[in-house]
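Subject: Structure handover

Dear colleague,

Please find the structure below for your files. My notes on it come after.

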Amino acid sequence: SVVKERRVLKKCAARMRARTTTKAFEAWLEYRRLRVERRAEKRLVELQRRADEAERLEMEARRMKAQAAAKAAETASLVADAEARETAARAEVTALKLRSAEKAKGGRRAADSSDDED
C-alpha cells in the first residue's frame, strides 16, 4: 500500500538524517579534539621554548656573575697593591723627612758651634 510505503520511506529518510547528523557531529567532535590537541602541542612547544630561554638567561647570568666576581677580585688586588705602594711611599717620604731633619739639625749644630767660637 502507498501509505505503508510512505511510512517506510519517511522512516528511512529519518534514519539517513540521523546518520548524517551523527556523522557530522562525530566529525565535528574529531575536529575539536584535534584542534585542542594541536593547541596543547603548541602550548607545550612554547613552554619548552620559554624554559630553554630561561635556562639560557640563567647560564648567562651565572657567567656574568662569575665575571663580575673575577673583576671584583682583580680590582681588590689592584687596590691592595696600590695601598701597599702608597704605604711604602709614605714610609719613604717620612724617612726622607727624618733624614732631612737630621741633616738640618746637624748642619745647624755645626753652624751654632762655629758661631760660639767667635
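The notes below go from the overall fold to the aromatic residues and then to the charged side chains.

This is a predicted model, in which local features need pLDDT of at least 70 and side-chain atom pairs count only at pLDDT 80 or more, while totals for chains, interfaces and linings use all residues. Residues are numbered from 1 along each chain as its sequence is written, and side-chain values use heavy atoms, with hydrogens and water left out.

Overall fold

The protein has 1 helix and 0 strands. Helix α1 covers residues 2-117.

Of the 118 residues in the protein, buried ones make up 0%. Here buried means under 20% relative accessible area, exposed means over 50%, and partly exposed is in between, with a 1.4 Å probe and protein chains only. The protein exposes about 11,100 Å², and carbon and sulfur atoms supply 58% of that area. Accessible areas come from the Shrake-Rupley method with a 1.4 Å probe, and for residues only the protein chains shown count as cover.

Aromatic residues

The structure holds 1 aromatic pair. The ring centres of phenylalanine 25 and tryptophan 28 are 6.1 Å apart and their planes are at 25 degrees, so this pair is stacked. The rule covers rings of Phe, Tyr and Trp (for Trp, its six-membered ring) with centres within 6.5 Å; planes under 30 degrees apart count as stacked, over 60 as edge-to-face and the rest as tilted.

Phenylalanine 25 and tryptophan 28 are 3 residues apart in helix α1, which means that about one helical turn separates them. Phenylalanine 25 is partly exposed, at 47% relative accessible area, and tryptophan 28 is also partly exposed, at 45%.

Phe25 and Trp28 also belong to a nonpolar patch on the surface, which they form with Leu29 and Tyr31. Together these residues have about 430 Å² of accessible area. Patches are made of residues with over 30% relative accessible area and no salt bridge; like charges are joined within 9 Å, and nonpolar side chains (Val, Leu, Ile, Met, Phe, Trp, Tyr) within 5 Å.

Charged side chains

How many salt bridges does the count come to? The count is 8, where a salt bridge is a side-chain nitrogen of Lys or Arg within 4 Å of a carboxyl oxygen of Asp or Glu. These are some of them:

- Glutamate 46 and arginine 50 meet in a salt bridge at 3.2 Å, N to O. The two are 4 residues apart in helix α1, or about one helical turn. Glutamate 46 is partly exposed at 28% relative accessible area, whereas arginine 50 counts as exposed at 51%.
- Glutamate 60 and arginine 63 form a salt bridge at 2.4 Å, N to O. They lie 3 residues apart in helix α1, about one turn of the helix. Glutamate 60 is partly exposed at 29%, and arginine 63 is partly exposed at 40%.
- Glutamate 86 has a salt bridge with arginine 90, with the closest N and O atoms 2.7 Å apart. Both lie in helix α1, 4 residues apart, about one turn of the helix. Glutamate 86 is partly exposed at 39%, while arginine 90 is exposed at 55%.

Salt bridges that share partners also join Glu30, Arg33 and Glu37 into one network.

Glutamate 58 is in helix α1 and is partly exposed, with a relative accessible area of 40%. Its side chain is joined to that of arginine 62 by a polar contact of 2.8 Å. A polar contact is a pair of N or O atoms within 3.5 Å; within protein, one must be able to donate a hydrogen and the other to accept it, and residues adjacent in sequence count only if both atoms are side-chain atoms.

Regards
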